[in-house]
2 protein chains.
Amino acid sequence: MKGVAKSVNNIFYNAQHSPIGAFASFTLGFRGKNGGLGLELGKPADHNVFIGLQSRDGGCYEALPFFEQVEDASARYDVEKLDKREAEFQEVFPTAPGGNDRDKPSGWFRPSDTVLAPFRDEQISRELKAGTDTWQAGDLTLRIYSPVRSVPDPAAGDREALKAALVPAVFVQLTLDNTQGTLARKGFFGYEGSDPYASMRRLSDTAEGRFAGIGQGRLTAIACKDEGVVEALGFTMEKILEEGLAHNLAFGLGGTGALLMEVAPGECRTFSFAVCFYRGGIVTSGIDASYYYTSLFANIEEAADYSLQHFGELSESCCEADEWVGSAGLSSDQSFMLAHAIHSYYGSTQLLLAEEGLLWIVNEGEYRMMNTLDLTADQLFYEMLLHPWTVRNELELFVSRYSYRDQVRFPGELQEYPGGLAFTHDVGVANVFSRPQYSAYEMAGLDECFSYMSHEELVNWLCCALVYIEQTGDRAFIDQMLPVIRDCFSSMLNRDHPEADKRNGLMGLDSTRTEGGAEITTYDSLDVSLGQSRNNIYLAGKCWAAYVALERLFAKEGLAELSAEAGGQADQCAAAVTAALNDKGYIPAIIGEDNDSQIIPAIEGLVFPYFTGCAEALDRKGRFAGYLEALRTHLDTVLVPGTCLFEDGAWKLSSTSSNSWLSKIYLSQFIAREILELPWGDKGAAADAAHVNWLLHPELSYWCWSDQILNGLIGGSKYYPRGVTAILWLLEGKGEHRLVRI
Amino acid sequence: MKGVAKSVNNIFYNAQHSPIGAFASFTLGFRGKNGGLGLELGKPADHNVFIGLQSRDGGCYEALPFFEQVEDASARYDVEKLDKREAEFQEVFPTAPGGNDRDKPSGWFRPSDTVLAPFRDEQISRELKAGTDTWQAGDLTLRIYSPVRSVPDPAAGDREALKAALVPAVFVQLTLDNTQGTLARKGFFGYEGSDPYASMRRLSDTAEGRFAGIGQGRLTAIACKDEGVVEALGFTMEKILEEGLAHNLAFGLGGTGALLMEVAPGECRTFSFAVCFYRGGIVTSGIDASYYYTSLFANIEEAADYSLQHFGELSESCCEADEWVGSAGLSSDQSFMLAHAIHSYYGSTQLLLAEEGLLWIVNEGEYRMMNTLDLTADQLFYEMLLHPWTVRNELELFVSRYSYRDQVRFPGELQEYPGGLAFTHDVGVANVFSRPQYSAYEMAGLDECFSYMSHEELVNWLCCALVYIEQTGDRAFIDQMLPVIRDCFSSMLNRDHPEADKRNGLMGLDSTRTEGGAEITTYDSLDVSLGQSRNNIYLAGKCWAAYVALERLFAKEGLAELSAEAGGQADQCAAAVTAALNDKGYIPAIIGEDNDSQIIPAIEGLVFPYFTGCAEALDRKGRFAGYLEALRTHLDTVLVPGTCLFEDGAWKLSSTSSNSWLSKIYLSQFIAREILELPWGDKGAAADAAHVNWLLHPELSYWCWSDQILNGLIGGSKYYPRGVTAILWLLEGKGEHRLVRI
C-alpha cells in the first residue's frame, strides 16, 4: 500500500468477508460498533464484535477496537453516590423515560467492574489480501479467511465441490500467544447480534456436541470445535468475562454471545472458527426462491459442522487466492484495491433456487438492486474467470423475464418508430423480484436519474453474451440465443435511425418507455456528459464493440448478410466518433448536441473486442486505426489536471462532473495501458495512491469498497460489488485474451 | 375515561392491534414515527404510517399524526440557494459523510413540493374499545378492528373456525366523507416498513388480481379489494401523492408503500383493508417450530385474500368483543384499562406448530421471554375464558421439557435435603427455546433479579392446573397429570420443612439450583418485601390456595390420606399467616425474618379457591374465617396514603418500594372487592383514574399497556401481556365461579 503520493495510512477501514452466494458479510475493520455479521443488508450490521485476550498481568482484557466503549467509567461510580431512591431508579431503569434507548429491555443493566479496553492503535497492524485479512495486536493474531474460488455449475451436480464453494461461512483463526505469560489467560470471540427478531443463543444443544457455538436465532453463528472452548451468553462482554459461575454462562437473556478460551502460561494456541450465516425457507417475493445452500446444508449447525470439519482445505483455498492476486506483479496499491473490491463483490452475491431454476443474483451494494445489468457488464470479467455459468444464468433471466419490446422516438417528437427488444435495468431490489418486463429502478417522464436505460442495457446484454460465447464456445447457449441476438441487433439498428441510410452507428432515438423523457446510461448520477444516452460517445464505444463482435459471430454462424450489416455499423460508429475529434484534441461527450464535456469512458467499449475474439479490431495499425488513434489522442488530451485528473492525480471521469467512479476508472486503466498503450510511471502510481486514499478515508472507509467518489469523498454506490473490474489488471502484458481460470 | 381525580386527557397513546397467535402488532396512536406493523418485536415497529385525505380545497393532504414530519420546510428552499457545486452535492448526497443517516441509500432524495401535514390535535377524536379503535379527524374516520374471540382447539380440527380465529391480520375501515366537497379528493393508507432485510413491494402481481396491496417482503402488507384502489410505491408519501404518471407508482426503490383511493365530490366511501402479517418456515430454534397459521394460509396473499373475503364476519366479531366488555357495567376507566390490556395481550401471543405438536406461547412484552410461568398464572383467567386449551398446552410443555428436580437447603447452610419437582421460569426468549429443564432467565448465585423461582413456579403450575381441572373437568388431563400433581405436592412439603412436624405451610428452604443464593418471586424487581420467596406472605397465599385445591382434588380422586395432608398444610399456612398479624393491624411481608414491609399481594392467593371449586374456603364465616379476617384487616390497614397508596390514590403494592405493577393491582382489586368485600366508591374511582393516568403519560404511553410503574412512570414490563387480569372485573357481583365464555 505504498504509493508515490500516498498520504493516508489508515488500517481501520471496514472490509467484507463473505461466503459466495449467501448475501452475507462478516464486516470488520472500522473502529467501534460498525461491523459484524450482516445478512442481506446494504451496510455493515453495526453491532459490537469482541475479539480479545486477557492482559499478561491478568488485570484487564484487551480487544480489537470493534466495539463501542462504555462512555465514561466515572458514570459507574456515580450510581453509588446517588441517594437510595435515585440509585434504585437508575439501576432498574437506566434509560430515561422517552429516551432513545428504547430497544433495550428495561430493568436489567448494572455497571460492571471488569475492564475491557481496546488495544492501542500503535499496537495493531493489519494486512488485507484477496482471501485473507490478518490483524496482529499484542499477543493476539486474528486471521479471517474469505472464500475466493471457482464455483462449479450446480447443474453439473458435484455436490461435494459445491459444498466447499458455497458453504455459507467464512473462516477465522485466532492465535493467542501466551509463551511469555506467567498466568493462564482468557481469550474470547463474540458478538452482540442486531437481528430484530430473535435472541442470541448457544448452539451446543442443537449441535449435539459436535462443536461449541453462539449465534443469533437461526441466522448467524460463530462455531468452534477446539478443545476447551466454552459457550457464553451475557448482557455485556464484561459481564461474561467476570462471571464466576459456569451455570450462568447459559443466561438466555444475554444479548452478547461469545466463545471463551483459555491459554496456559507458556503456551501458544490457535483456535479455528466458522462464522456462519443461514436463512432457510423462501426468502424472495415476485419469484419465490430459497438460498441454494439450503439444499446442501439443512441448517446453520450443518454449515458450521461442515466448515469446522473441512477447515484446513477451506482456509487453504483462501490462501491460494492470496497467491493468485499476490503473484501477479501488481503494485501494492493495486493489489490492495483489487483485494478490497473482491471482498465487497462477494458480499453482494446470492445464489437462489426457485421452481424456475437457479438464480445467480448480484445485489447492488447499499442499493440492493438485483442483477443491475450495467453492473453485470462490468462484473462480467470477474465472473467469467471464476464462474462463467453465472453470466449465462444472468443473461437467461433477462431474456425470459426481464426483456421487453418498445417503440422509439426522436427527441421532442411524438412520432413513434419501430423499436425492438430491450432489457430492464435490474430484476428487482432487496429480495423482491420486480414484475416481468420491468425493473425496480426505471421510471417514465424523466431525463435523469431513474429514467430508462433501454439502449444501454440492450448493448450491455449483447456485450456480455458475446464475451460469454467467445470465451466458452457454449453451443447450446448460442443455439438458444441466436434469435435473441438477432433481435438485439435489429433493435440497435432501429434505435440508431429508422432509415437505414441515415444511420451512423450511434443511438439516436429514445424508448417510448420514457413517455417523453430521455434515456440515461449507467452513469445516472453524473451530468449529461455521461448521463445522457443519445449520441453519447461512451455508449457509442459499447455499440461499436457490439457491432464488431456481431460481425464476427454472424459470420461464424453463416449469416453473411447480417455480418456485413453489423460490420458496416461498426465502421460507421467508429467513423462518427473519429470525425468528432476536435482541434483541441478531444471528442465531446455528446456528438452533435452542442456538448463540450470531456470524458474518459470514451474508451470504455474497447475492452470488449479484447475478449470477444476481435482483438484485431484493436490493432492500432488495422481497420480501426483511425478510431483508436482518435481515442488515444482524446485520452492524452483529457488526462490532465483540471480536465480529467483531480489535483492529486486521481482520475476524474468527466471534465464537467466532480463525481468519479472507481470501478470504471479501474476498467479504463486496463484499457488505457493494455489496449491504448498509455505509459504508467509516476503519474499512474500517483493516481493509484490517490484512489487508495479515497477508500481509506478516516470516516467513509466504514463503507468498505465503494464506487462513487464525489470530490474525493465516498458519496454513493457504497458497500459495492462493481470494483472487480480491477481483476483485468491481472491479465495485462500477457497478450492473453482468455477469461478462464483453471 | 372519566374518573374523579383524572387529570390526563391524552388520546395519543399507542395501542396494539394484533391477530391472535401471530406475535404481531399493528401499533398506532402515539404521534410521530412510533407505530406501525411489527412482527416478533418487543416494541412498536417505529415506522411512518400514513392515513389521510386530501383537503377540501385540494391544496394539501391531511393525515393522522403517525409519521415524522419534514423538520423544516425552509431547508428545502435553502438547497436552491446553495451554489451549484454544493447544491449538486446536497442533491446527490443529502447525508453528511459519516453522519447518522447511514441506512438511507445515498443519491436519491430531493425535496418535494407536496404538503402533507398532520391534522391539528383539536380536530382529532378517538375511542378505544376491546375490539375496535376509532379515530375521527376532519372528513376522515378510521376504525381498526382487533380480533378478541374464542379460539377453538386446533386438535378439534375445525379448519374454517380456525382460519377465522387465527388469520394473521387485523381489519381496518377508512371512511372518507366528501359529501361537503366540490373536488375529487385522494385518500391514502400506507407505511414505510422497517424490516431490515427486504424492500417494499406491490402485491397485485402475486395476488393475481384478487386485491390490491402493498407490503414489505413476505412479512407485512396492507390489502384492499375495493374498486378503484391503486397501489403505489415511492421514496416518500409526498412523492407518491404528487406523482403524475401512473407508471411510476410501481417504482420499486420506494421505501414507502400506500394504497390510494379517490372519492368523488358529494360521495362518502368506506374502504376495507386487511393489515396482514406472515412469517413462513421455521421461526424458532431449540425446538424447530413454524407459525400454526402457515398450515391455514400458504402466504401473506392468502391471508389477505381470506381477510378481505370475510371482512364482514371478521370485523363483526371484533364488535362483539366491544359489546362483551362494554355491557359489563364497568366504569369508563375500568373499561379503558381492560380494553387496552386485551390489545397488548394478543400482541404477545404466538401459536406454533412443531414436530412435538402445537405450542401456545405468550411472549413477555418487551422482554419477549416465552411462557413466563408467573405470567401464565395471571393470564390464566383470560385464557380460560377465551381458549382454555392453551392453558393445558402451556402446562404440558412445562411438564415435558421445562420441569426439573432439585435438592433444597436452609438459608446459610450447606446441608442438602430432598427437594422435588419444580418448573422453570420460562421456556425461552425471542424465538429461542431454552434447553430442556432450564429457563432463559434464571441464574445461580443470586438472591435478587434473575435468581431462581423454583417454589413460585411450582405453585404457579399447580394453581393453573387446579383451575384448569376444576373449570374443564378434562379427564384425560387429570389422568395424565395426577402423578405430576402428587410430585408437586411432595415437592411443596419438602420445601416447607424436611421434618413433617416442623412444617408451617410456608416455604422454608431454597433450591440448590440457586447454588447458595436465594429464590425470588415474580416480583423480581421489587425489594425483599415481595422479591424474596422464603417465608413470604404473598407466596404463602398461593401455597395456601394450592393446598386448599389439592385437598379437594385428592379427595375427589380417592386419595384420602393425601387430601388430609394437604388440608392440614392449608390450615397450617393460614394459621401461620394469621398469627403474624401484628398489633398495628398488618402482617409483615416476610414472616419471622425481621421484615416490616406491608404488601397488598398478601391477599393475592385468594383468587384461586374462587375458581378451583373451593369457594367455601372464602366464606368469611367458615373454616378460614380467621385467615380471611386477618387479610381484610391487613388490607384495610395498608390501603392508606403513605403505605400502600400513592398520593393520588393509586395502589402501591409494597410500602417499601415505589415500583407498583398494574396487572397485580387489577388482580388484587378483584379480590378486594369480590372476596374481601372492600367498598369501592370515590376512593376506588380515584385509584382507577390514577392508574389510567399512568397509562396515558404523554411520553411513556408510547409503550401501550405496560405493567411496572415506578413512582407513577412506566418503567419496565412495557408492551406487556399481563394486564388481562382485569378480565376478572367482568365476573364481579355475579357469584359465578365459572371461567367459560360461550
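Modeller: Let's start in chain A, where A:Asp510 and A:Arg534 join their side chains in a salt bridge, 2.8 Å from N to O. A salt bridge here is a side-chain nitrogen of Lys or Arg within 4 Å of a carboxyl oxygen of Asp or Glu.

Colleague: Where do A:Asp510 and A:Arg534 sit in the chain?

Modeller: A:Asp510 is in strand E25 (residues 510-511), while A:Arg534 is in the loop between helix H13 (528-531) and helix H14 (537-556) of chain A. They are 24 residues apart, so the pair links distant parts of the chain. Helices (H or I, at least four residues) and strands (E, at least two) are DSSP runs, numbered from the N terminus.

Colleague: Before we go on, what sort of model is this?

Modeller: This is a predicted model, where local features need pLDDT of at least 70, side-chain atom pairs count only at pLDDT 80 or more, and totals for chains, interfaces and linings use all residues. Residues are numbered from 1 along each chain as its sequence is written, chains are lettered from A and ligands numbered from 1 in the order in which they are written, and side-chain values use heavy atoms, with hydrogens and water left out.

Colleague: How many salt bridges are there over all chains?

Modeller: The search of the whole structure gives 66. Two salt bridges lie across the interface of chain A and chain B. B:Asp288 pairs with A:Arg218 in a salt bridge, with the closest N and O atoms 2.9 Å apart.

Colleague: And how much area do chain A and chain B bury between them?

Modeller: About 6,800 Å², with 58% of it on carbon and sulfur atoms. Buried area is the accessible area (1.4 Å probe) that two parts lose on being put together, summed over both. Chain A puts 85 residues into the contact, and chain B puts in 85 residues. Contact means heavy atoms within 4.5 Å.

Colleague: Back to helices. At what angle do H9 and H10 of chain A cross?

Modeller: Roughly 150°, with the axes of H9(A) (residues 373-386) and H10(A) coming within 7 Å. That makes H9(A) roughly antiparallel to H10(A). Angles under 35 degrees count as roughly parallel, over 145 as roughly antiparallel, 65 to 115 as roughly perpendicular and the rest as oblique. The axes are lines fitted to C-alpha atoms, for helices over the stretch in contact, and angles run from 0 to 180 degrees between N-to-C directions.

Colleague: Which residues of H9(A) and H10(A) meet?

Modeller: On the H9(A) side they include A:Leu373, A:Leu380 and A:Met384, and on the H10(A) side A:Val391 and A:Phe398 are among them.

Colleague: What about H10(A) and H11(A): at what angle do they cross?

Modeller: H10(A) (residues 388-400) and H11(A) (residues 454-472) cross at roughly 140°, and their axes come within 10 Å. That makes H10(A) oblique to H11(A). In chain B, H10(B) and H11(B) pack at an angle of about 140°, with axes 10 Å apart.

Colleague: Last one: where is A:Glu551, and what does A:Glu551 touch?

Modeller: A:Glu551 is in helix H14 of chain A. Not counting residues up to four places away in sequence, A:Glu551 touches A:Ser563, A:Ala566, A:Gly567 and A:Arg623. A:Glu551 and A:Ser563 are 12 residues apart in sequence and 4.1 Å apart in space, C-alpha to C-alpha.
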